[in-house]
Amino acid sequence: MSRAIHALDVVLRPLITEKATRLAGENKYAFEVRLEANKVQIKDAVEKGFSVHVTSVNVMNMKGKPRRVRGNRTKHGSNWKKAVVTLAAGDKIELFEGV
């Protein structure tokens, strides 16, 4: 049984990349979220945190990238979860404007 996560602790940070900026034109925004979070928790967190209406949430588990350490050995970075949130028509998040 998983512990309840507070709504404001679900979203870790917004993702500001070329692809995420392009998606913002389609009213979609990308966030890094906690590994334990599900779609319903992500939807509630974005709606409460940014005062918008979310129509859908897509979630992806991203694998950590391999890093070369001390010669020929490799280690992997941490795995993380990405969420792409689609907002209702007319809603937008001002955090991403002017980026």
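This is a predicted model: local features need pLDDT of at least 70, side-chain atom pairs count only at pLDDT 80 or more; totals for chains, interfaces and linings use all residues.
1. Now for the overall dimensions. Taken along the principal axes, the C-alpha atoms fill a box of roughly 50 × 40 × 15 Å. The chain has 99 residues, and 30% of them count as buried.

2. How much of the contact count comes from residues 24 or more positions apart? Such pairs account for 61% of the contacts with a separation of 6 or more.

3. Which residues have the most contacts inside the largest nonpolar core? They are F31, I42, V46, V85 and L87, in a core of 16 residues. Two or more residues each come from β2 (28–33), α2 (39–50), β3 (54–62) and β6 (80–87). Another core, of 5 residues, lies apart from this one, and A20, L23, A30 and V84 are among its members.

4. Not counting residues up to four places away in sequence, V85 touches N27, K28, Y29, F31, I42, V46, V54 and S56. Two of these, I42 and V46, are also listed with V85 among the residues with the most contacts inside the largest core.

5. Move along to T86, which sits in strand β6. Is T86 buried or exposed? T86 has a relative accessible area of 15%, and because this is under the 20% cut-off, T86 counts as buried. Beyond its neighbours within four places in sequence, T86 is in contact with N27, K28, V54, T55 and S56.

6. For a contrasting case, turn to P66 in strand β4 (residues 66–69). The relative accessible area of P66 is 53%, and because this is over the 50% cut-off, P66 counts as exposed. Leaving aside neighbours within four places in sequence, P66 is in contact with K75 and H76. What is the C-alpha to C-alpha distance between P66 and H76, which are 10 residues apart in sequence? In space, P66 and H76 are 4.3 Å apart.

Note on methods. Residues are numbered from 1 along each chain as its sequence is written. Side-chain values use heavy atoms; hydrogens and water are left out. A nonpolar core is a set of buried Ala, Val, Leu, Ile, Met, Phe, Trp, Tyr and Cys residues joined through side-chain atoms within 4.5 Å. Buried means under 20% relative accessible area, exposed over 50%, partly exposed in between (1.4 Å probe, protein chains only). Helices (H or I, at least four residues) and strands (E, at least two) are DSSP runs, numbered from the N terminus. Contact means heavy atoms within 4.5 Å.
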